[in-house]
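Morning, everyone. Please have a look at it before I go on.

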Amino acid sequence: MKPVRLPAAATLALPRWALYALGLLYILPGLIGRDPWKDDAASFGVMWTMAHGGIRDWLLPNIAGLPSPDEGPLTFWLGALCIKLFGWLVGDVLGARMSTIGIFVLGTVSLWHTAFHLGRRSEAQPLRLAFGGQPEPDDYGRTLADTAVLIYLGCLGLLLHSHETLAVTLQGALLSWFLFRSVRYIEDSTPRNAVLVGATLGLLTLTRGFAPSLALLAALYLCTRFLKLPPSPTLRHLGQATGTALLITLLWALPATLAHPYGLSPVSGWLAWNADQLGVPGWHAIKAFCRVGIWYFWPAWPFAAWAAWAWRRQHGMLHIILPTCFVGVLALVILCDPVPESGDLLKLLPPMALMAAFGLPTMKRGAINAIDWFSVMVLTLLGGLVWMFWIAKLTGWPAQLAKNALKLVPGFRPEFGIVAFLVAAATTIGWIFLVHWRLSRQPSVLWRAVVLSSGGLILLWVLLMTLFLPDLNYGKSYASVAQQIAARLPADADCIDTNIGPAQRASFAYFGHLPFAPVDGGTCSFLLLQDSVGQKVPVPIGPMQNGALVRGGAALPFRGRDWTLLWEGRRPSDRDERFRLYRRVR
């Protein structure tokens with residue numbers, strides 16, 4: 001017997017304006033007014049270099065002359081295209097983030113339609129009530145789709161990466177799209193749908209390599225075996241999908257191989273990076289996955305686990321088989337990564353949120369109320385603390401709170417921003433109304449259990465990205481350091497050799513317009529070194545050969561008498577990182 005019994009009153013759709021408002025409140029804060037930080041500055045640097053460079057920069061992703069062969073070029077292409085289209089109007093940083101808005105819309109809309117198609121299938125429908133009154137299939141599917149989106153927006157992992165111009169962000173959105181294409185293929189196994197599946201796989205390959213694409217193809221085939229689809233047509237269709245994905249990948253790989261931009265082979269470097277993503281799962285990887293995943297997937301994973309338990313006696317249910325197969329296969333891929341990053345977990349969120357939506361209708365009312373009260377108490381308390389710290393940093397009272405608020409940004413002088421205050425105040429008032437609506441009316445709609453979790457998380461994000469955005473920019477941006485270096489650099493400077501990382505190089509090139517050495521190298525008269533504050537001797541650019549430093553295969557002599565120190569500095573909030581600018585003694 002199905003574990004779901006619901007009246008039609010529980011499947012009222014979330015008003016469209018409310019869903020759109022939540023989406024805007026979620027994605028816009030953190031994009032507007034925020035400098036590129038260390039986490040996403042490198043990706044922005046590639047996009048900025050492409051947008052202001054030539055065809056070679058589009059074939060060989062690089063950051064102001066530093067090759068970046070990892071991942072794939074698709075994310076950078078989208079950001080660079082948006083810079084060209086919108087940069088003249090909103091600036092290059094926000095122009096690049098226009099692609100982030102589109103990626104967010106693609107992910108959420110794809111997840112909504114996937115849940116809608118699964119929710120209106122006959123096997124997913126609730127039990128028919130004795131005297132009628134059960135929901136219609138489309139109404140039930142629409143409610144589940146709204147619930148899946150709310151759970152998705154409420155996950156901490158999505159909030160962490162959805163505002164950054166990263167390849168993992170596009171990968172998560174494309175995975176949502178792949179889930180939808182998989183459902184459409186299973187519902188209608190035609191060559192057309194197989195080609196669309198393959199096109200999605202090709203885009204995923206150009207985003208984060210072939211390992212996730214192969215895993216998704218295996219997961220889809222596993223779904224068809226559990227659902228007992230005819231094996232022969234399925235294999236033929238999956239072969240067509242593979243061929244389509246290969247053709248899309250060749251749209252970049254073939255020209256990049258033939259053109260050999262800057263005398264380098266970007267495809268061989270990309271293939272080497274792909275090979276490094278595969279290894280043997282170990283106990284350390286499993287522990288790290290569980291330790292990070294317990295908060296990264298919250299609150300989706302408890303609902304998803306309950307769905308697996310509640311539907312355990314049902315067989316051949318697409319809405320359970322599909323997300324279960326994808327979560328299992330993708331989790332294995334992550335565990336096989338020798339050096340996993342938190343962003344890699346983002347690809348698990350769409351199938352987990354999808355499965356969680358089908359677990360929610362089976363939960364008892366008491367459990368749902370407990371989740372509501374937990375959300376109200378914890379998120380309201382955290383929101384109040386953010387306001388208290390903001391008042392303390394402006395007024396100096398309470399003194400201890402003011403000290404704690406400013407100790408991470410030494411030298412920062414807080415100022416009152418009227419626009420930021422009004423946005424934060426309006427969002428807080430909206431949260432109060434939402435809590436009052438939930439607690440006073442006691443609505444029976446299904447999505448009531450997650451609207452407070454999502455709304456509270458959005459409240460905290462808006463407060464941080466308005467009241468504390470100047471503090472965060474001051475502590476995390478390299479803009480001030482870049483401007484200091486640019487001020488000490490002569491106007492006739494030819495180029496700068498350096499050992500700084502990708503994020504710093506991108507920030508210095510954008511904010512300070514520093515002329516770094518090009519991809520094909522050359523002898524530069526200036527040298528920018530990065531080392532630690534406690535390190536007396538500057539770190540080398542590369543390995544030593546016969547008493548000389550090596551950069552790009554060419555020896556670069558570095559002796560104290562050959563260079564003059566022009567500038568030394570660091571970010572005020574960074575106690576370890578230090579930069580030194582030298583000029584060659586002629």
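Is Cys155 buried or exposed? Cys155 is buried, with a relative accessible area of 0%. By buried I mean under 20% relative accessible area; exposed is over 50%, and partly exposed is in between, using a 1.4 Å probe and protein chains only.

Some ground rules. This is a predicted model, where local features need pLDDT of at least 70 and side-chain atom pairs count only at pLDDT 80 or more, while totals for chains, interfaces and linings use all residues. Residues are numbered from 1 along each chain as its sequence is written, and side-chain values use heavy atoms, with hydrogens and water left out.

Now the disulfide. The structure has 1 disulfide, meaning a pair of cysteine sulfur atoms within 2.5 Å. Which cysteines does the disulfide join? Cys495 and Cys524, with 2.0 Å from S to S. The link of Cys495 and Cys524 is left-handed, at -105° about the S-S bond. Cys495 lies in the loop between α22 (479-488) and β3 (496-498), and Cys524 in the loop between α23 (502-512) and β4 (526-532), so the pair ties together parts that are 29 residues apart in sequence. A note on those labels: helices (H or I, at least four residues) and strands (E, at least two) are DSSP runs, numbered from the N terminus. Cys495 is buried at 10% relative accessible area. Cys524 is buried too, at 1%.

Back to Cys155. Cys155 is in no disulfide; its nearest cysteine sulfur belongs to Cys290, 17 Å away. Cys290 is in no disulfide either; for that residue the nearest cysteine sulfur is that of Cys336, at 15 Å. Cys290 counts as partly exposed, with 48% relative accessibility.

On to pockets. The method runs on a 1 Å grid over the protein atoms alone. A pocket is an open set of points where a 1.4 Å probe fits, with protein on both sides within 12 Å along at least five of seven lines; a cavity is a set the probe cannot get out of; lining residues have an atom within 4 Å of a point. Grid points are joined across faces, edges and corners, and a volume is the space filled by probe spheres set on the points.

What is the volume of the largest pocket? About 1,300 Å³. Its lining has 44 residues, and Leu159, Leu160, Leu460, Trp461 and Leu464 lie nearest the centre. Several elements give two or more residues to that lining, including α7 (156-161), α14 (300-310) and α20 (448-467). α17 gives the most, with 9 residues. By class, the lining splits into 29 nonpolar, 8 polar and 7 charged. Here Ala, Val, Leu, Ile, Met, Phe, Trp, Tyr, Cys and Pro count as nonpolar, Asp, Glu, Lys and Arg as charged, and the others, Gly among them, as polar.

The second largest pocket has a volume of about 650 Å³. Its lining has 29 residues, with Ala42, Asp70, Glu71, Arg208 and Glu341 nearest the centre. At least two lining residues come from each of α2 (41-51), β2 (66-67), α8 (167-187) and α23. The class counts are 13 nonpolar, 7 polar and 9 charged.

Last topic: aromatic rings. How many aromatic pairs are there? The count is 24. Rings of Phe, Tyr and Trp (its six-membered ring) pair if their centres lie within 6.5 Å; planes under 30 degrees apart are stacked, over 60 edge-to-face, and the rest tilted. Phe289 and Phe297 make a tilted pair, 6.3 Å centre to centre and 50° between the planes. Phe297 is buried, at 3%. Phe412 and Tyr474 are also tilted, with centres 5.3 Å apart and planes at 50°. Phe412 is in the loop between α18 and α19 (418-441) and Tyr474 in helix α21, so this pair ties together parts that are 62 residues apart in sequence. Phe412 is buried, at 15%, whereas Tyr474 is partly exposed, at 25%. Phe44, Trp48, Tyr510 and Phe511 form one aromatic cluster.

Two charges to finish. Lys476 lies over the face of Trp37, 5.7 Å from the ring centre. The charged end of Arg571 sits over the ring of Tyr478, at 4.2 Å from its centre. The rule is NZ of Lys or CZ of Arg within 6 Å of the ring centre and within 35 degrees of the ring normal.
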